[in-house]
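This report describes one protein structure for a reader who is new to the subject. Please keep the sequence and the model at hand while reading.

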Amino acid sequence: LQFLYFIANYSCQRKQMFRRSLTRLTNIHQDAIDTYMNRVIEKNTHEPEFLQAVQEVAEILVPFVEESGRTDYKDERVLHKIIEPERVVMFRVPWLQRDGRVRISRGYRVEFNSALGPYKGGLRFHPSVNLSILKFLGFEQTFKNSLTGLPMGGGKGGSDFDPKGKTNGEVMNFCQSFMTELQRHIGPHTDIPAGDIGVGSREIGYLFGQYKRIRNEFTGVLTGKGPTWGGSLIRPEATGYGTVYFANEMMKKKSEGFHNKNVVISGSGNVAQFAAEKATALGAKVITLSDSTGFLHDPDGINEEKLEFVKDLVTNKRQRISEYVKTYPTATFTQGARPWGVKCDIALPCATQNEIEHDDAVALVNNGCVCVAEGANMPSTPGAVGVFTHEKVLFAPGKASNAGGVATSGLEMSQNAMHSKWPREKVEDRLRDIMLSIHESCVAYGEGKDGHVDYVRGANIAGFVKVADAMLDQGLV
């Protein structure tokens, strides 16, 4: 059904997105895009999330390749090679419940592209995990890692296991079983996983412990480790902080910043929490957070004290964000809704893919939103991106704006390789520099004659060129 829905909406969404944009595609370009996407669809049926990610990239890269004069890109069929994972591993994960009953989950690792370095990307434990989602994430990760300027390829993995509601013993049991198979395919010079949705410090600890026990070695095979056993400072904060650093640079293009701005954030996990923390530090008022059950709206602002309450509530107590209103009754909680109808200046979607749809984007624009920076991976549908592009809202795709997490993972890899530990200030300075460099790359490829920056175009081309040139240098592999 997902695949049929994608096919039915593919043409409509594409036309909606790009007719509204100012991008002028010739008939030749549109024919080339259609031909390319038809081949991709034929080979990747039943993978709507992956097809959506490729669609976004194809609409930009196919015309770029046609116009660039780089015949080697076409002769070597780089656009066709870059969408094929180098390796996909799928395996069963048997584990025991607390009552002794056997359960079977499915594990994955998609090693997408190693042209720039070893595969790098998170592990996601969530019931929605499937091959389509992990291919989409691995594909995006390849471009994102390229933008950081660090020597990292792209990968992603995970399982349909749901850690919510499980005891620590059950989570450890699962993680050990998962790593027993995964350890065959990863290593500090091959593939370095990290955390993602459902994989936090607890899960990373169990995974690392099992790897160390089986391989009898203490190496930087995972990032997001505890700070006392090889982890980097700032890693938990990095994605949220990086998103805000990038958005702040976007606002500077309009000679503005975060000071005195109302910020709407979705999600309430690590990314949302630390995006809220950094936005507040820059003088903004954060007024929303959310989870899968709905969103809270605090018109007085979620200040430092309230944010510490949220961190304890969500991270330590693992409770729903709706509990917030019991302690802070001036706030409201709206069941089963998203926060995009709340008036704001800046929106930071930090929850999950496709959470901002066309009508949500219209509501944001009508309510005065001038900047949207994605903290999650592909949280905006093509229809939503089309609205932002048409209205010239500053819009940053996740492959650029949320690259802070993997950038700091790269810095953790460097520290592990040197057997050293950097102070907090050094790591955050490096993170800020990387995010500013990514912004500059996006501007270099995305700025129009009128000074407006198409960050989607800029991020995709900047990420592509580096990976494509490395693939060409390394031959037919």
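Is Cys371 buried or exposed? Cys371 is buried, because its relative accessible area is 0%; buried means under 20% relative accessible area, exposed over 50%, and partly exposed in between, with a 1.4 Å probe and protein chains only.

The model is predicted, so local features need a pLDDT of at least 70 and side-chain atom pairs count only at pLDDT 80 or more, whereas totals for chains, interfaces and linings use all residues. Residues are numbered from 1 along each chain as its sequence is written, and side-chain values use heavy atoms, with hydrogens and water left out.

**Cysteines**

A disulfide is a pair of cysteine sulfur atoms within 2.5 Å, and by this rule the count is zero. For Cys371, the closest cysteine sulfur belongs to Cys369 and is 6.9 Å away, which is too far for a bond. Cys369 in turn has its closest cysteine sulfur in Cys344, at 4.2 Å, and this is also too far for a bond. Cys369 is buried, with a relative accessibility of 5%.

**The sheet**

Helices (H or I, at least four residues) and strands (E, at least two) are DSSP runs, numbered from the N terminus. Two strands pair if DSSP finds at least two bridges between them. Strands of a sheet pair through backbone hydrogen bonds, either parallel or antiparallel.

Five strands form an open sheet in the order β1-β2-β4-β3-β5, and the pairing is mixed. At its edges stand β1 (87-96) and β5 (191-194), each of which pairs on one side only. Within the sheet, β2 (residues 102-113) and β4 (residues 154-159) are antiparallel to each other and joined over six bridges. Val110 stands opposite Lys156 in β4.

**Salt bridges**

A salt bridge is a side-chain nitrogen of Lys or Arg within 4 Å of a carboxyl oxygen of Asp or Glu. The whole structure holds 31 salt bridges. The table shows some of them.

| Pair | Closest N to O distance |
|---|---|
| Glu181 and Arg184 | 3.0 Å |
| Arg432 and Glu428 | 4.0 Å |

Arg432 and Glu428 both belong to helix α17 (residues 424-446), where they are four residues apart, about one turn of the helix. Asp429 lies in helix α17 as well, three residues from Arg432, again about one turn. Salt bridges with shared partners join Lys278, Glu428, Asp429 and Arg432 into one network. Within this group, Glu428 is buried at 12% relative accessibility. Arg432 is partly exposed at 30%, and Asp429 is partly exposed at 39%.

Where is Arg235 found? Arg235 is in the loop between α8 (201-215) and α9 (238-252). Although it is a loop residue, Arg235 is buried, with a relative accessible area of 16%. Leaving aside residues up to four places away in sequence, Arg235 touches Gly224, Gly405, Thr408, Ser409 and Glu412; contact means heavy atoms within 4.5 Å. Arg235 and Leu431 are 196 residues apart in sequence, and their C-alpha atoms are 9.8 Å apart in space.
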